[in-house]
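Please look over the sequence and the model before reading on.

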4 protein chains.
Amino acid sequence: MNERPAGSRRYSYLGPAGTFTEAALKQVPEAVGEDWRPVANLGEALNDVVTGVSDAAMIAIENSIDGGVTVAQDALATIPDLRIVGEYLVPVSFVLVARPGARLEDVEVVAAHPVAYGQCRAWLDGNAPGHRHLQATSNVQAAADLFDPEKGIDAAIAPPGIADHYDVEVLAEGIAENPDAETRFVLVSRTVPVGEPTGADKTSLIVELPDDRAGALLDLLEQFATRGVNLTLLASRPVGDRMGRYRFVIDAEGHVKDERVADALLGVKRFSPNVVFLGSYPRADRIAASIRDAHDDGTFRDARDWLRGVIEGTADSEG
Amino acid sequence: MNERPAGSRRYSYLGPAGTFTEAALKQVPEAVGEDWRPVANLGEALNDVVTGVSDAAMIAIENSIDGGVTVAQDALATIPDLRIVGEYLVPVSFVLVARPGARLEDVEVVAAHPVAYGQCRAWLDGNAPGHRHLQATSNVQAAADLFDPEKGIDAAIAPPGIADHYDVEVLAEGIAENPDAETRFVLVSRTVPVGEPTGADKTSLIVELPDDRAGALLDLLEQFATRGVNLTLLASRPVGDRMGRYRFVIDAEGHVKDERVADALLGVKRFSPNVVFLGSYPRADRIAASIRDAHDDGTFRDARDWLRGVIEGTADSEG
Amino acid sequence: MNERPAGSRRYSYLGPAGTFTEAALKQVPEAVGEDWRPVANLGEALNDVVTGVSDAAMIAIENSIDGGVTVAQDALATIPDLRIVGEYLVPVSFVLVARPGARLEDVEVVAAHPVAYGQCRAWLDGNAPGHRHLQATSNVQAAADLFDPEKGIDAAIAPPGIADHYDVEVLAEGIAENPDAETRFVLVSRTVPVGEPTGADKTSLIVELPDDRAGALLDLLEQFATRGVNLTLLASRPVGDRMGRYRFVIDAEGHVKDERVADALLGVKRFSPNVVFLGSYPRADRIAASIRDAHDDGTFRDARDWLRGVIEGTADSEG
Amino acid sequence: MNERPAGSRRYSYLGPAGTFTEAALKQVPEAVGEDWRPVANLGEALNDVVTGVSDAAMIAIENSIDGGVTVAQDALATIPDLRIVGEYLVPVSFVLVARPGARLEDVEVVAAHPVAYGQCRAWLDGNAPGHRHLQATSNVQAAADLFDPEKGIDAAIAPPGIADHYDVEVLAEGIAENPDAETRFVLVSRTVPVGEPTGADKTSLIVELPDDRAGALLDLLEQFATRGVNLTLLASRPVGDRMGRYRFVIDAEGHVKDERVADALLGVKRFSPNVVFLGSYPRADRIAASIRDAHDDGTFRDARDWLRGVIEGTADSEG
């Protein structure tokens, strides 16, 4: 099934060309010139990785407006043997496009992916008050549908680069409500050895809480806090067996090869009935974690040396 | 706009008749015999309440499989002047229905709401391996579409009571993966005085964290923990202004008229730049909160009496 | 028994004149010109207050070298109906004195209170290497004993002002090891209404931990931390009934009429089987507590107003 | 200076024979038949260990009535290269003794160590109302002084076994207020390799808090709590440089070779500017620590194995 030429690598992404996912993939230096495989949905993308059809898949994991992509979070929580190896941010802005020659005042039916529609609705209510919304399966497909007469579409909400792919005219730009909106993507491969820390890394986990204790979430958070590890994401997802049981999706600052993160993970692992390690990888925003002296690698090593001396009775017991 | 007969009350819900939302509304004793208004989506339902078209709206807020209904959480976080006044649980099971006389082995195209399809996919893969999925806007609409020849549908995934509303034949029952799945609904009205505690209540809040402190979530959780208030839900939602800023959707055990809950809310209010109180209402599962002596109302009153005596110097200062 | 002239007030202190306790009493403006009563020990001083012989007693409560005066802490924990109404710091320095004409090189026997001797021992070992120590009951008594030939004393360790009271010659000054040593005194009266906050206050408590929980001390400290109340002292004392049971002596920043302190005390009172409130009084060091916005009185009042509106449904529920 | 016969061991203790300290030493099986060296005070006992005059010293560290023996705590905090290797409990009860033929009704002057006098004062007030107290340097010396006519003593408070050592008559037994009082002793040697865990051990530490953080004590306690390590003692002692700076004397359940204790010590060491490890040794009360599964040694090892697999990518990342 995997007919790639030797040496080449294949990347799956939500196609067609022109999607925000493709824009994320364009940020991956090592993907340049390799085989890019557009797929129809997340399940297909991850399946490509699991079955070896592709080496990696780029998937959307969070949007600054809509929050976590829960189906992606749940897939990572339950499909074994996957690893996040990179993180990418794509600004999310939208344009309104139509067939060449069309005018904004004639727009009645607007095709759009529901998420995109939600972010642009205020603008449309103001500028095309009588419009109707027709759902599309992706932001690019909405534009493609302009050329399917059976759909009866007058305009489409699409990503800015859409005119590179389709013969459309841009009626308006920047029509989304929040100009700073962005989507966070992760590149997912099968399990591989963890890479080296860059000094600006993230570590992703899925953690189930023990059943039997009040305050279990507080105890979980303490595992990070006592080691000086900040969290950039804490999201709850149902385990699915019954109402009220959650697992937590966690992004922690730092790399599993940073001592403080490793120590926090050991604490979490001892505490939780089920931990999935999703990977340590460079942060998209390249913001280095701020670490107090008490939590840097040297302090961890010094403490171990001290403890060894204390036990052996060879070192002075004073600190 | 509100043309209700004097004295009657109107309830908006996601229609048409036969939906799980209608099943939730049937659990509301005071709604019996009143005016029930089916609407097309959540926005319409809440708008009915805001504008006074309806007195209350029943909306889905969480599913044991899919998690929080994020669009509902976000609406409650941002639309002012709404209150949750009741909570209801509806078991979520599905049947596969078709036009009378149809046979399972002939099913090729299955209409289903995407959430329902996700929960029944394993069964369909096993029992109708070659099927294709066509999206429907509600579980009931999927069944209705069976009678629209243009859709080309052979079968639909629908709620168990569907045969009361449509002339369909049930091909299979209990086709969802998890037989214990249920959806949690809340009844929402405009702001009204909070009702009396029943001993088995929940209090819902939306809380924004202060920007400027590491460990802010830990501090938030401590506000509840130090007063012995358990949380049944903690979900994060993006504030929406930029990646990495979250507000938290919280369901706490107990009623705002319980001393320990009131005290915790005071602590949260002092701590957070923005708290939305969504209501205190009887729990659907009728499980009474377990309270330690140190957190019951009498202990709170005794402590206040003691403090007053201490300040006035009239009481003995010993405890 | 109390034969004071009408209108005058009586203060008990560890005498005789010249002690550090007298130096503390000299710092009390309202004690100037009143009746000062020297007593032999702490028990007598507190008994004077309990029985009404005196209006207040000045007692040493902590030394920066030796730590808490445990007998005073235990007395305050167990004698009912006492209040701390003021705090005073006295620098602790010592001189070596002898009968007029004596020379340091002839000193063989040195009288000293054991605590004073401990603080001056290093100097004596260096400057009077062959000396012997004879215990005295107070720093002033040591000097007085110089004139009792039966004691056979050559020199005495005494407070700097000793030459005002006895005909002694100062052989050396500043002989204590730590030049910054000081002793903390408190003025104790019977229970009276608490005074007004000055902005730089302390509140003293004795708190027993509940028996039945691990982490009880952590929970106790959280009661202060969640209200932003810092502690300046936390000392453990045995309850006395069996090994391993402790009560805690706590000094908290702030005044019981500060909202955050009152709220913390309510939390402590609900939590602890036995709390003794010892008083809120101006700090000797006049250091104002640093309070975050979230913990000032206005924030507490605003939160209560908000909660009232929330319950009545009259106010907007948003924060 | 050390003239012991080859192979024999020497133990220093607060003498003379008959003291409670000697009773503690009698509980040490390996001390039977060795050289016991009575000394006059704590400083001498520890000095014997430091200089090699003795192999170990038995010292009182805490009394269930009076609390920690602060001079011993401070000595262990500041004298380098000492280790606690054992813990012993001695019930503290007192008898009133006199010269043969004496009668209780004739007792006027009672010699007693001040601590003993405090514990027996209530009985004396009731049974010898007109008595006066004369201080003695040890409980045994009080009895010895009966035979020094210059002292003018009628009776002495002494340990129950005193009649084995002196020709005295017991006027009354069990005269202390609290019949369950006991004193905790520790056996101190120079630094040696830590012994093996027995399952019922204690670990003693002296910990200084970092200067620069509010809540530092809370953070210190969390280091133990997150690893499930209970504390049996937490006492504060002044560092001595200025008022308000404390170090903490800590006894933790468990042994430094228990994984959870070692991990807690690593956390404490990273956090604190100064930690003194005083030893891990069998508890006198033989009470085994109660450990949750999450904190047993196997869980610690499993977590490390998991983390190694996670980093190498060889193991399944699921927990």
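How many bridges join strand β7 of chain D to strand β9 of chain D?

## Basis of the report

This is a predicted model, in which local features need pLDDT of at least 70 and side-chain atom pairs count only at pLDDT 80 or more, while totals for chains, interfaces and linings use all residues. Residues are numbered from 1 along each chain as its sequence is written, and chains are lettered from A and ligands numbered from 1 in the order in which they are written.

## The sheet of chain D

Two bridges join β7 (residues 109-112) to β9 (residues 155-158) in chain D, and these strands run parallel. Strands are DSSP runs of E, at least two residues, and helices are runs of H or I, at least four residues, numbered from the N terminus; two strands pair if DSSP finds at least two bridges between them. Within this pair, D:Val110 stands opposite D:Ala155 of β9(D).

Both strands belong to an open sheet of five strands in chain D, ordered β8-β7-β9-β6-β10, with mixed pairing. Its edge strands, each pairing on one side only, are β8 (132-135) and β10 (169-173) of chain D. From one strand to the next, the twist averages 30°.

Helix α4 (residues 114-127) of chain D lies across β7, β8, β9 and β10 of that chain and runs at about 150° to β7(D). Axes are lines fitted to C-alpha atoms, for helices over the stretch in contact, and angles run from 0 to 180 degrees between N-to-C directions.

## Relations between chains

Residues are in contact if their C-beta atoms, placed from the backbone, lie within 7 Å. Chain A and chain D each give 38 residues to their contact. On the side of chain A, α8(A) supplies the largest share, nine residues.

Chain A and chain C do not touch, their nearest C-alpha atoms being 12 Å apart.

Definitions and conventions. Contact = placed C-beta atoms within 7 Å.
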